[in-house]
Each structure stands twice: as C-alpha cells, then as structure tokens.
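I wanted to look up where empty space is left in a protein model. Rolling a probe the size of a water molecule over the atoms shows this.

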Amino acid sequence: MKILVTSIVDLKKSQHNRPHQFVDHLSKNHDVTVISINDWWKGQQDNLKNYSKDFNNLFDRIQYIHLTDRKVSPIIQEMLSAQRIKKIIKGKKFDVHLNYSTFISGYTASKRINTVYDLADDQGAMIRESPQIPVALRYIGSRFGDYMIKKNMGASKMITLSTENLRITYGVNEDRSIIIPNGVNTNKFYNYGLSSKADLGFNGFILGYVGVLREWIDFEPIFSALSELNKDIRMVIIGKEGRFQENVDLAKKYGIDDRIVFTGMIPYSQVPKYISAMDVCLMPFKKGAISENAVPLKMFEYMACEKPIISTRLSAVEKIVGDKILYASAREDYVKLISQLYENSKIGNNLGIQGRKFVEEQFDWGKLSERMEKVLLTASE
C-alpha cells in the first residue's frame, strides 16, 4: 500500500509516541509518507537529535514533510494547511490515509483518500490547557477542536481509538470504530536486572518517572511525601518537555532537590535501563478530561520492565489494569504506599511479575500495529 499519514505529533521533535510505532511497523512493508506540524518549540527545549537518534532507520524508510518551516503556532499551521496538503498529494495515488488526530490537514486529505481516523487523546481538552495558545483563545480553540474531530470522524471510513472512554466522550458508533490501545515493545522493554542501578550511578530506593512534564503532570504531592520519607528514598525524573524548571524549583521548595535527579531527555534506547533501575514507577496526573481519557504509554513500559506502579486513580487506566497497579489520590496515599513498597519488596516484585505477563499477552506493539495495518487494508478497499 501507499499510505499517507497526517499527524498532530511531530515525529521528529517529539518523545516516543503512538504514531512512531504505527509508522515504524507500516514502513517495513508499505510506502509511507508522513505530513506533520512543525513542533519547532520542542526543539528549543533539549537535544532532540540525541533523543531521536534511535529513529534514524525509521526516517530513512519514509518520506517526512513538515507543514511549514516557519516558527509559527501549531494551531496556525493547521489553520493554513489546506492548500499545502492539496499541493503535496496532487497527482499522487495513495491507497489509504491514516489521520493521527489532526484537524484541517487530515480533513483535507480525507476528502480525497479513504481515511482511518486515529484518536488517542482528548484533543479538545488539550487545547483548553495548552501553553502554546493564549488563554483568551483556549475556549474558542477547544470548541473548534471538538468540531473538527467530529468532522474528521464523519469523513473517515473507520475510527480507531486508544480507550473506550474516548469512544464514549465523542459518541463514536461502535459499528465504525475499533479500540486499539497504547502498548509497549516487549522485546526492547524488559527488566535489565539489579546491575542497572549501579551502572547508572544511583543508590538507595528509587522512585521514578518517565515522560513529558506538561501541565497535566503533578509532582507536588509526591515531593511533599518525599520530604518526610526515609532519606534512603530518592527520585529520578526523566524528560524535559513542558514545566521542567518549575518542577526543579518545586523540589527546592520542599527541600528535597538533593534527593532528586532530573536527567532531562535521554536517548529512547536507554529508557528501559533507567526504568530497570527504579524500585517504584509513578504516574502522577492532575485530574481532568485529558488524564481521565488517557492510558499512557509509560504505564505499559513500566509494566514490561516488571516495576510496581503508583498512579493517580484515572477512569481509563482503572478500566484496563484494575488492581494490577496501586492508586494514590493525595500526599498521605503516597506516603503510605511508598513506605509499604520500601519496607516489603515482595509486594513490588509480585506486581511487577503480574504486570509483565499482562502486557505480553495483550499490549505488545507488534500485535497492536498489525491490527492497525488490517484496519488500513480494509479501509483502502
């Protein structure tokens, strides 16, 4: 197949995400062209070339096009994308189009090519909280986002979603949709063993977080809990996109900055080793539409590395994993749960073994990407 992918995520400038996996799988057997926004502002935050060097083989296999080289807001890029899309696809015979949560760019392509619309996040809610959009425009922007999501769904032959919650939120008909959840590459993510901690220069009992530091992540109850926990308990935070400096300052405010390592971005290939060095992995979300509808990739990566997880209690997460992870709603919960895991390693070990088996059986990216490929093949007919 000749596949066109329009993406709201800039694969060249973003941390590893859902579309990376789909494009990686599809490009091994099909001709893939990707058109995305230019998320230039992320490139100013850290050394993305170092992070994404593991994707070089992927980008060698595909044609990658940014909507623009200009440093303008992603929203403006989308608003002005129609003519750019028409020009790119003119005269080309694509068999199918995978629209990864775009608005106008994907809609323009869907009027010309059989389309599968993939919705992995509550985009309307994300616009309402985006730091890239002026506060005064966020409400209007979110209404426009919700409107365009429905327009794109109506223009698509099939809709794929990452969670059942998103299907309910957007009122998607089950006959035209399929749930393809997020997952993990279980061949790359596994427990590297006890030597990981020493190899990376860590000591003590390590709490860990991997991912973006965007506005929906809330470390304050954890930092507050850490300030009264045994000083042998330390923390590693991997990632830089978003509120990096604000969290560094917050750690200082609680007097625990000497017990926290902020690594910034690291090469994606090193993430499993860092997770292996952690004793407990964290998913500290602020409650809201963004988090309630999300099932983060990091959860599956933590589980594949056989680590116990403490998460904010989120509806979509709880529906999928139930009691295979632990839940915290406030500072006191973190104090209690971290203390239990610190004092009794068997609890964490049992959760880790259970989690690894769970993702191997149901959430391996290889199997999930094959499901997406079959959906695209059907839609191309």
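The entries below cover pockets, then cavities.

**Ground rules.** I am working with a predicted model, in which local features need pLDDT of at least 70, side-chain atom pairs count only at pLDDT 80 or more, and totals for chains, interfaces and linings use all residues. Residues are numbered from 1 along each chain as its sequence is written, and side-chain values use heavy atoms, with hydrogens and water left out.

**Terms.** I search a 1 Å grid over the protein atoms alone. A cavity is a set of points where a 1.4 Å probe fits but cannot get out, while a pocket is an open set with protein on both sides within 12 Å along at least five of seven lines. Lining residues have an atom within 4 Å of a point. Points are joined across faces, edges and corners, and a volume is the space filled by probe spheres set on them. Helices (H or I, at least four residues) and strands (E, at least two) are DSSP runs, numbered from the N terminus.

**Largest pocket.** I read a volume of about 520 Å³ for the largest pocket. Its lining has 23 residues, and nearest the centre are Gln21, Asp24, Lys28, Asn185 and Lys188. Two or more lining residues come from each of helix 1 (18-26), helix 4 (56-61) and helix 20 (365-379). Helix 1 gives the largest share, 4 residues. I sorted the lining by class (nonpolar: Ala, Val, Leu, Ile, Met, Phe, Trp, Tyr, Cys and Pro; charged: Asp, Glu, Lys and Arg; polar: the others, Gly among them). The lining of the largest pocket has 7 nonpolar, 10 polar and 6 charged residues.

**Second largest pocket.** This one has a volume of about 390 Å³. I found 20 residues lining it, with Leu194, Met278, Asp279, Lys307 and Asn349 closest to the centre. Helix 18 (331-343) and helix 19 (345-362) each give two or more residues to this lining. The largest share, 5 residues, belongs to helix 19. By class I noted 9 nonpolar, 7 polar and 4 charged residues.

**Cavities.** How many cavities of 30 Å³ or more does the structure hold? I noted 2. The second largest cavity has a volume of about 30 Å³. Its lining is Val5, Pro19, Phe22, Val23, Leu98, Tyr100 and Asp118. Helix 1 and strand 4 (96-100) each give two or more of these residues, and helix 1 has the largest share, with 3. I counted 6 nonpolar, no polar and 1 charged residues in this lining.
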